[in-house]
Amino acid sequence: MNADAVTDSGIWFRVEASSAASAVRRAAERLGAQVEMGAVRIADLAIVAAELTSNLVKHADEGVLLLRPVRRAGQAGVELIAIDSGPGMADLTVSSQDGHSTTGTLGIGLGAIVRQASWFDGYSLPGKGTVLAVQVWPAEPARPSWAGALTRPLTGETVSGDGYAVRVADGRHQVLVSDGLGHGPLAGAATDAALAAFRDAPAGPPAVVVGHLHRSMSHTRGAALAVAELAPAAGVLHYAGLGNISGVVVEGGGQRRGLVSLPGIAGHQRPTIREYDYPFGPGARLVMHSDGVVDRWRMADYPGLMERSPLVMAATLLRDAGVRRDDACVLVARSWA
């Protein structure tokens, strides 16, 4: 096992051998201590980390695991996301029950994970692979988030120029995806500036927020970025983007509607900023990603994925549509009602 990349969004591990379980477990225990989780829940976290890694070694191809802190509702926890490229499971619910095994083991791995987790979700498809997402909280779990996202740096880099942020400002539910120009630390610095400006921006519609980000990033090399605001009560999504961030609304039946981003680089020149409104009905999902993710994915290839959490949906798309020759970010958001 090697630490493939250490970023502000967590640590990506390549899981290649049985020795990975102890290494990932120790890293999880350290993170649990850093977020002051408490001894009992750190022990539960250690079980989850070891079992997730063991499952990847025994059952999976090209297994990777993301370990990162998660903060919500005034508390901090630890999140683990295990991703593989096969062989996949026909029925994840059955496989999560104690006693079910496909390799002659006791079949307690996924069952133990579910028992110790504060929150668990997953998606598996034969021939495609499996995504398992687990959160361990020190006390009562926070409500699952209405948005989920992952970033992954270019192979060989330790810093990603892609990033995302989620906020609720005066009742406005907004998300940001940013792709810093180029790669490496300077691209990462541009995106960090965008994320900081987004979190501090006055409440306003996406076009106003994008204008604020543009003015706040003049000291950086700039970024392509887009801001979306979900207003499901009105059945509308508001969107403003600059550059090559892809935005798509996926309807409940899997139909896709592309979102418009205008040419430009936030932080440079004087780009035209314009906001567009799109229908956003019950069951719809917003998908945003950088150009490190190819735009040829189809929901028809993933039966049942729309019903999973935004985080699991984002991880699945990143696995199958992300390219290794570029930084990559995928964000998925849904109605929280």
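**Exercise 1. The lining of the largest pocket**

Task: In this predicted model, determine how many nonpolar, polar and charged residues the lining of the largest pocket has.

Solution. Sorting the lining by class gives 18 nonpolar, 13 polar and 12 charged residues. The space in this largest pocket comes to about 1300 Å³. Its lining is made up of 43 residues, and those closest to the pocket centre are R68, P69, Y164, A165 and V166. Two or more lining residues come from each of β3 (64–72), β7 (147–152), β8, α5 (184–200) and α7 (310–321). With 6 residues, α5 gives the most.

**Exercise 2. The place of the pocket**

Task: Explain why the largest pocket lies between domain 1 and domain 2.

Solution. Domain 1 spans 11–136 and domain 2 spans 147–334. Residues from both domains contribute to the lining, so the largest pocket lies between them.

**Exercise 3. A hairpin**

Task: Describe how strands β8 and β9 are joined, and in which direction they run.

Solution. Strand β8 covers residues 162–169 and strand β9 covers residues 172–180. The two strands run antiparallel and are joined by 8 bridges. Within this pairing, D162 stands opposite D179 in β9. The strands form a hairpin, with 2 residues between them. In the turn, D170 has a positive phi of about 50°.

**Exercise 4. Backbone geometry in two loops**

Solution. As background, most residues other than glycine have a negative phi, and most peptide bonds are trans. P87 is found in the loop between β4 (75–83) and α3 (92–95). E62 is a residue other than glycine, yet its phi is positive, near 55°.

**Exercise 5. Charges over rings**

Task: Identify the ring over which R256 places its charged end, and the ring whose face R167 lies over.

Solution. A charge qualifies here if CZ of Arg is within 6 Å of the ring centre and within 35 degrees of the ring normal. The charged end of R256 sits over the ring of W297, at 4.2 Å from its centre. R167 lies over the face of F198, 5.1 Å from the ring centre.

Notes
Residues are numbered from 1 along each chain as its sequence is written. This is a predicted model: local features need pLDDT of at least 70, side-chain atom pairs count only at pLDDT 80 or more; totals for chains, interfaces and linings use all residues. Side-chain values use heavy atoms; hydrogens and water are left out. Two strands pair if DSSP finds at least two bridges between them. Helices (H or I, at least four residues) and strands (E, at least two) are DSSP runs, numbered from the N terminus. On a 1 Å grid over the protein atoms alone, a cavity is a set of points where a 1.4 Å probe fits but cannot get out, and a pocket is an open set with protein on both sides within 12 Å along at least five of seven lines; lining residues have an atom within 4 Å of a point. Grid points are joined across faces, edges and corners, and a volume is the space filled by probe spheres set on the points. Ala, Val, Leu, Ile, Met, Phe, Trp, Tyr, Cys and Pro count as nonpolar, Asp, Glu, Lys and Arg as charged, and the others, Gly among them, as polar. Domain bounds come from an automatic or database domain assignment.
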